[in-house]
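I opened this entry to keep a record of what I looked up, in the order in which I looked it up. The sequence and the structure come before my notes.

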Amino acid sequence: MPDSVTSSPAKSAAGSEQWPSEAADFVVRTVGTVRDKTTGPAIKGARAAVFGMFAALVGLALLVLFAIALVRVITVYMPHEKVWPADLIVGGVFSVAGIALWTRTRARP
(Lines give C-alpha, C1' and ligand atoms only; values in the text may rest on other atoms or scores of the structure.)
Protein backbone atom coordinates (compact mmCIF):
# COMPACT_ATOMS: atom_id res chain seq x y z
CA MET A 1 0.00 0.00 0.00
CA PRO A 2 2.69 2.57 0.75
CA ASP A 3 4.27 1.74 -2.60
CA SER A 4 1.12 2.66 -4.52
CA VAL A 5 0.68 5.83 -2.51
CA THR A 6 4.21 7.05 -3.19
CA SER A 7 4.08 6.19 -6.89
CA SER A 8 0.78 7.97 -7.46
CA PRO A 9 1.92 11.41 -6.24
CA ALA A 10 5.12 11.06 -8.24
CA LYS A 11 3.17 10.36 -11.42
CA SER A 12 0.73 13.17 -10.71
CA ALA A 13 3.60 15.54 -9.98
CA ALA A 14 5.20 14.67 -13.32
CA GLY A 15 1.82 15.00 -15.07
CA SER A 16 1.11 18.32 -13.39
CA GLU A 17 4.30 19.78 -14.81
CA GLN A 18 3.34 18.86 -18.40
CA TRP A 19 -0.36 19.57 -18.48
CA PRO A 20 -0.06 23.36 -19.00
CA SER A 21 2.04 22.89 -22.12
CA GLU A 22 -0.25 20.11 -23.36
CA ALA A 23 -3.29 22.30 -22.76
CA ALA A 24 -1.66 25.22 -24.56
CA ASP A 25 -0.77 22.98 -27.50
CA PHE A 26 -4.35 21.70 -27.61
CA VAL A 27 -5.73 25.24 -27.61
CA VAL A 28 -3.30 26.34 -30.33
CA ARG A 29 -4.20 23.33 -32.50
CA THR A 30 -7.93 23.87 -31.98
CA VAL A 31 -7.75 27.59 -32.78
CA GLY A 32 -5.61 26.85 -35.85
CA THR A 33 -8.09 24.26 -37.09
CA VAL A 34 -11.07 26.57 -36.56
CA ARG A 35 -9.24 29.44 -38.26
CA ASP A 36 -8.31 27.28 -41.25
CA LYS A 37 -11.91 26.11 -41.67
CA THR A 38 -13.50 29.55 -41.28
CA THR A 39 -11.18 32.27 -42.47
CA GLY A 40 -9.49 30.18 -45.17
CA PRO A 41 -12.59 29.95 -47.39
CA ALA A 42 -13.54 33.54 -46.58
CA ILE A 43 -10.13 34.80 -47.69
CA LYS A 44 -10.31 32.73 -50.88
CA GLY A 45 -13.77 34.09 -51.64
CA ALA A 46 -12.71 37.67 -51.01
CA ARG A 47 -9.68 37.24 -53.25
CA ALA A 48 -11.82 35.74 -56.00
CA ALA A 49 -14.26 38.65 -55.75
CA VAL A 50 -11.50 41.26 -55.85
CA PHE A 51 -9.63 39.67 -58.75
CA GLY A 52 -12.90 39.03 -60.60
CA MET A 53 -13.93 42.67 -60.28
CA PHE A 54 -10.47 43.77 -61.39
CA ALA A 55 -10.59 41.47 -64.42
CA ALA A 56 -14.08 42.71 -65.32
CA LEU A 57 -12.97 46.34 -65.09
CA VAL A 58 -9.86 45.76 -67.18
CA GLY A 59 -11.88 43.74 -69.70
CA LEU A 60 -14.48 46.49 -70.00
CA ALA A 61 -11.79 49.13 -70.48
CA LEU A 62 -10.11 47.02 -73.16
CA LEU A 63 -13.44 46.49 -74.92
CA VAL A 64 -14.08 50.24 -75.02
CA LEU A 65 -10.56 50.94 -76.28
CA PHE A 66 -10.95 48.23 -78.92
CA ALA A 67 -14.21 49.76 -80.12
CA ILE A 68 -12.64 53.21 -80.33
CA ALA A 69 -9.62 51.87 -82.21
CA LEU A 70 -11.86 49.92 -84.59
CA VAL A 71 -13.91 53.01 -85.40
CA ARG A 72 -10.72 55.01 -85.98
CA VAL A 73 -9.20 52.34 -88.25
CA ILE A 74 -12.38 51.98 -90.30
CA THR A 75 -12.72 55.76 -90.58
CA VAL A 76 -9.14 56.14 -91.81
CA TYR A 77 -9.34 53.38 -94.41
CA MET A 78 -12.77 54.25 -95.83
CA PRO A 79 -12.71 55.94 -99.24
CA HIS A 80 -14.55 58.94 -97.84
CA GLU A 81 -13.77 60.49 -94.47
CA LYS A 82 -17.18 60.13 -92.85
CA VAL A 83 -17.58 58.51 -89.46
CA TRP A 84 -21.12 57.16 -89.72
CA PRO A 85 -20.20 54.05 -91.78
CA ALA A 86 -17.60 53.09 -89.16
CA ASP A 87 -20.17 53.65 -86.40
CA LEU A 88 -22.66 51.54 -88.32
CA ILE A 89 -20.20 48.68 -88.79
CA VAL A 90 -18.97 48.63 -85.19
CA GLY A 91 -22.50 49.08 -83.85
CA GLY A 92 -23.67 46.22 -86.05
CA VAL A 93 -20.91 43.95 -84.77
CA PHE A 94 -21.78 44.73 -81.16
CA SER A 95 -25.51 44.35 -81.88
CA VAL A 96 -25.01 40.94 -83.47
CA ALA A 97 -22.83 39.87 -80.54
CA GLY A 98 -25.44 41.13 -78.06
CA ILE A 99 -28.28 39.33 -79.86
CA ALA A 100 -26.23 36.12 -79.96
CA LEU A 101 -25.60 36.34 -76.22
CA TRP A 102 -29.24 37.23 -75.53
CA THR A 103 -30.51 34.14 -77.35
CA ARG A 104 -28.37 31.98 -75.05
CA THR A 105 -30.17 33.20 -71.94
CA ARG A 106 -32.91 31.08 -70.41
CA ALA A 107 -36.10 32.17 -68.77
CA ARG A 108 -36.21 31.79 -65.00
CA PRO A 109 -38.85 29.38 -63.72
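Predicted model: local features only at pLDDT ≥ 70, side-chain atom pairs only at ≥ 80, totals over all residues.

The entries below go from the overall picture to single residues.

**Entry 1: confidence.** The mean pLDDT of the protein is 85, and 85% of the residues reach 70 or more.

**Entry 2: overall make-up.** I looked up the secondary structure and found two helices and zero strands. Helix H1 covers residues 2-77, and helix H2 covers 84-103. Of the 109 residues, 7% count as buried. The accessible surface comes to about 9,500 Å², and I noted that 72% of this area belongs to carbon and sulfur atoms.

**Entry 3: the nonpolar core.** Which residues form the largest nonpolar core? I found five of them, namely Ala 67, Val 71, Ile 74, Ala 86 and Val 90. H1 and H2 each supply at least two residues of this core, and the largest share, three residues, comes from H1. For Ala 86 I also listed the contacts, leaving aside neighbours within four places in sequence, and these are Val 71, Ile 74 and Thr 75.

**Entry 4: the nonpolar patch.** In soluble globular proteins, nonpolar side chains tend to be buried together. With that in mind I turned to the surface, where Phe 54, Val 58, Leu 60, Leu 62, Leu 63, Val 64, Leu 65, Phe 66, Ile 68 and Phe 94 form a nonpolar patch with about 970 Å² of accessible area together. Helix H1 gives the most to this patch, with nine residues. I picked out Leu 60, which is found in helix H1, and noted that Leu 60 counts as exposed because its relative accessibility is 52%, the cut-off being over 50%.

**Entry 5: the salt bridge.** How many salt bridges are there? I counted one, formed by Asp 36 with Arg 35, and their closest N and O atoms are 3.9 Å apart; the cut-off applied is within 4 Å. I checked the accessibility of both partners: Asp 36 counts as exposed at 51% relative accessibility, whereas Arg 35, at 49%, counts as partly exposed.

Notes
Residues numbered from 1 in each chain as written. Heavy atoms only, no water. Helix = DSSP H or I, 4+ residues; strand = E, 2+ residues; numbered from the N terminus. Buried < 20%, exposed > 50% of the residue type's maximum accessible area, 1.4 Å probe, protein only. Areas by Shrake-Rupley, 256 points an atom, 1.4 Å probe, with all protein chains shown as cover. Patch = residues over 30% accessible without salt bridge, like charges linked within 9 Å, V, L, I, M, F, W, Y side chains within 5 Å. Salt bridge = Lys/Arg side-chain N within 4 Å of Asp/Glu carboxyl O. Core = buried A, V, L, I, M, F, W, Y, C linked by side-chain atoms within 4.5 Å. Contact = heavy atoms within 4.5 Å. pLDDT = per-residue confidence, 0-100.
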